[in-house]
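Please look over the sequence and the model below before reading on.

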Amino acid sequence: MDTSRPTALAETEDRIRAGRIVAVLRLRDHRHAVEVAETLAEAGVTALEFTLDHPDSLAAVERVAARMPGTVAVGAGTVLSPTQVTAARDAGARFVVCPHTDPLIITTAIGCRLAPLPGVTTPTELFAAQQAGARLLKLFPAGPLGIGYLKALRGPFEHAELVPTGGVEIDTIGDWLAAGATAVGVGSSLVDRTGALDGLADRARRAVAAAHGGAS
């Protein structure tokens with residue numbers, strides 16, 4: 001654990017590192033959010049991101065965080081302002097994910113004892129995010145950029161802890177991790193936007209196996 005960081009924040013970062021998967025839940029129906037979270041957790045997914053681009057997202061964060069304390073790290077995604085950071089904290093989130101790099105959001109998150117995962121694409125954004133205090137960096141959009149881009153970016157930034165997100169498929173999780181990713185964010189290939197439970201347990205088990213070197 002990084003002893004230079006607040007304990008709760010460092011523990012969340014370590015959980016993401018150990019679990020190697022952040023499930024990105026961009027749901028359009030949050031009625032079964034707890035059931036979805038429980039299914040993912042039972043398969044071994046321990047970091048869940050609810051994107052804040054739906055009016056029911058924060059309530060889902062609150063329900064899951066209250067229902068599963070200590071079981072999963074619940075985060076808020078698509079965070080675009082410091083106000084959303086504090087709202088996520090108040091709902092029980094332990095990390096916040098952005099599609100971009102904003103030093104003010106990063107420092108606000110750290111001040112709230114939340115782990116920030118800012119979105120980075122360029123070397124300039126990566127450096128700025130690190131300077132603001134971020135450790136885990138969301139490489140976005142990973143799919144269009146490709147694994148070769150991750151490898152190239154880690155040339156001058158070999159110690160950067162990158163979490164490719166956006167276009168990461170279950171079948172490519174192992175490839176991203178083998179290329180040097182710290183963890184991956186997996187969205188629609190894992191969790192359907194409707195929140196349907198059909199097939200979710202199987203997909204989650206496959207994703208966890210891929211993340212930890214097992215058969216898919």
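Leaving out residues up to four places away in sequence, Ala142 is in contact (heavy atoms within 4.5 Å) with Pro164, Thr165, Gly166, Val168 and Trp176. This is a predicted model, in which local features need pLDDT of at least 70 and side-chain atom pairs count only at pLDDT 80 or more, while totals for chains, interfaces and linings use all residues. Residues are numbered from 1 along each chain as its sequence is written, and side-chain values use heavy atoms, with hydrogens and water left out.

Ala142 lies in helix H7 (residues 142-145); helices (H or I, at least four residues) and strands (E, at least two) are DSSP runs numbered from the N terminus. Ala142 counts as buried because its relative accessibility is 0%, where buried means under 20% relative accessible area, exposed over 50% and partly exposed in between, with a 1.4 Å probe and protein chains only. Between Ala142 and Gly19 there are 19 Å in space, C-alpha to C-alpha, and the two are 123 residues apart in sequence.

Lys138, which belongs to strand E7 (residues 136-139), is buried and yet has no salt bridge, since Glu49, the nearest side chain of opposite charge, is 4.9 Å away. A salt bridge here is a side-chain nitrogen of Lys or Arg within 4 Å of a carboxyl oxygen of Asp or Glu; Lys and Arg count as positive, Asp and Glu as negative, and His and the chain ends are not counted. The residues that Lys138 touches include Val97, Leu117 and Thr165.

Glu49 is part of strand E2, where Ala47, Glu49 and Thr51 point one way and Leu48 and Phe50 the other, all of them buried. In a regular strand the side chains alternate between the two faces of the sheet.

| Strand paired with E2 | Sense | Bridges |
|---|---|---|
| E1 (residues 21-25) | parallel | three bridges |
| E3 (residues 73-77) | parallel | five bridges |

Thr51 stands opposite Gly77 in E3. From E2 the chain crosses through helix H3 (residues 57-67) to E3, and this β-α-β crossover is right-handed, meaning that, with the strands pointing away from the viewer, the path from the first strand over the helix to the second runs clockwise.

Helix H1 (residues 7-19) contains buried residues, among them Leu9, Ile16 and Gly19, and is followed by Arg20, whose phi is positive, near 70 degrees.

Methods. Pairing = 2+ DSSP bridges.
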